[in-house]
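Student: Hi, could we go through the pockets and the ligand in this one together?
Tutor: Happy to, let's have it on screen.

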Amino acid sequence: MDRRKFLKKGVATVIGVSATGFAGLSSAARADLKDELGDTVTSYSAITSYNNFYEFSTNKTEVKELSADFKTYPWSIKVDGLVKNPGIFDLDDIRRGFDKVERVYRMRCVEAWSMVIPWEGIALSELLKKVEPTSDARYVRFVSLYDKNRMPGQKSGSFPWPYVEGLTMDEARHPLTLLATGIDGKPLKPQNGAPVRLVVPWKYGFKSIKSIVKIELVKEKPQSLWMQSGPSEYGFYANVNPNVSHPRWSQASERRIGDFLRRKTLMFNGYGKQVSSLYKGLDLKRNF
Ligand SMILES: Nc1nc2c(c(=O)[nH]1)N[C@H]1C(S)=C(S)[C@@H](COP(=O)(O)O)O[C@H]1N2
Ligand SMILES: [Mo]
């Protein structure tokens with residue numbers, strides 16, 4: 001891999017990693033891997049053992065074990081709603097039918113911790129191009145699997161399952177927005193949202209919905225699980241914003257997993273140059 005080229009190109013374009021990509025990195029090169037700001041990638045063991053995935057558990061360190069036997073094959077994603085070509089895509093359709101992209105992104109949870117993760121996947125915009133949204137489509141609605149027998153956390157009535165999230169068309173078509181199928185060049189582990197999850201790096205982590213079974217193009221703004229369960233705490237946009245506190249957590253700083261000291265949180269999680277134009281005219285103070 002040409003690391004200099006990788007760093008220079010940053011996240012703006014499809015990164016020119018070699019054919020082997022993240023999977024081909026030696027452990028020394030993996031430890032050296034950085035994002036475009038120079039931040040070091042989080043260890044694979046931390047990425048895969050400290051997880052928010054309420055369908056399995058609300059305890060972050062329990063998710064890995066509770067999801068270990070989760071079957072992600074066969075799997076299909078239904079893409080329908082306001083589109084000219086609705087379709088059903090299995091994992092191979094997604095991995096083989098579109099250009100593979102590999103990106104190192106910061107991920108910032110609203111609980112004020114963060115990681116840096118080397119994702120593999122496809123640009124969501126490419127899938128949308130294929131299904132051809134009609135001119136009525138204004139939002140994209142994403143739905144996770146709902147199956148109490150396979151996801152024990154769904155037996156608890158504390159949340160309005162299934163997990164649902166949404167994006168505007170512009171957010172969904174933005175080149176940073178991915179449908180991820182892997183981390184470190186390996187297929188996603190269940191705890192990270194196998195086999196396919198959304199990744200929107202400038203928004204709080206809860207927008208990056210895991211284990212997706214449905215993508216629907218709609219006219220009205222989708223009601224997410226978090227908007228339904230805590231309307232006073234969670235809003236639709238949820239862009240990372242150090243100046244707007246969540247009712248329970250200040251967002252001014254964060255704990256990067258693996259670091260000792262806290263760091264300041266960056267507006268749009270450091271992706272402002274790429275995304276701030278999407279929010280001209282939006283009152284960023286009303287983020288939750
Ligand atoms: N379906 C589903 N998606 C989800 C969640 C969840 O509980 N269920 N948690 C979200 C939250 S709060 C975060 S911070 C990220 C965590 O992703 P990771 O465990 O891969 O780091 O997933 C998000 N996607
Ligand atoms: Mo989160």
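**Pockets and ligand**

Tutor: The second largest pocket holds about 190 Å³, a volume being the space filled by probe spheres set on grid points joined across faces, edges and corners. A pocket here is an open set of points on a 1 Å grid over the protein atoms alone, where a 1.4 Å probe fits, with protein on both sides within 12 Å along at least five of seven lines; lining residues have an atom within 4 Å of a point.

Student: Which residues line the second largest pocket?

Tutor: Among them are Lys 221, Pro 231, Tyr 234, Asp 283 and Arg 286.

Student: Before I go on, what are the ground rules?

Tutor: This is a predicted model, where local features need pLDDT of at least 70, side-chain atom pairs count only at pLDDT 80 or more, and totals for chains, interfaces and linings use all residues. Residues are numbered from 1 along each chain as its sequence is written, chains are lettered from A and ligands numbered from 1 in the order written, and side-chain values use heavy atoms, without hydrogens and water.

Student: OK, what volume does the largest pocket have?

Tutor: About 440 Å³. Its lining has 29 residues, with Asn 52, Phe 53, Tyr 163, Gly 205 and Phe 206 nearest the centre.

Student: And which polar atoms does ligand 1 meet at Glu 55 and Tyr 54?

Tutor: A polar side-chain atom of Glu 55 is 2.8 Å from a nitrogen atom of ligand 1, and a polar backbone atom of Tyr 54 is 2.8 Å from an oxygen atom of ligand 1.

Conventions
Polar contact = N/O pair within 3.5 Å; in protein donor to acceptor, adjacent residues only side chain to side chain.
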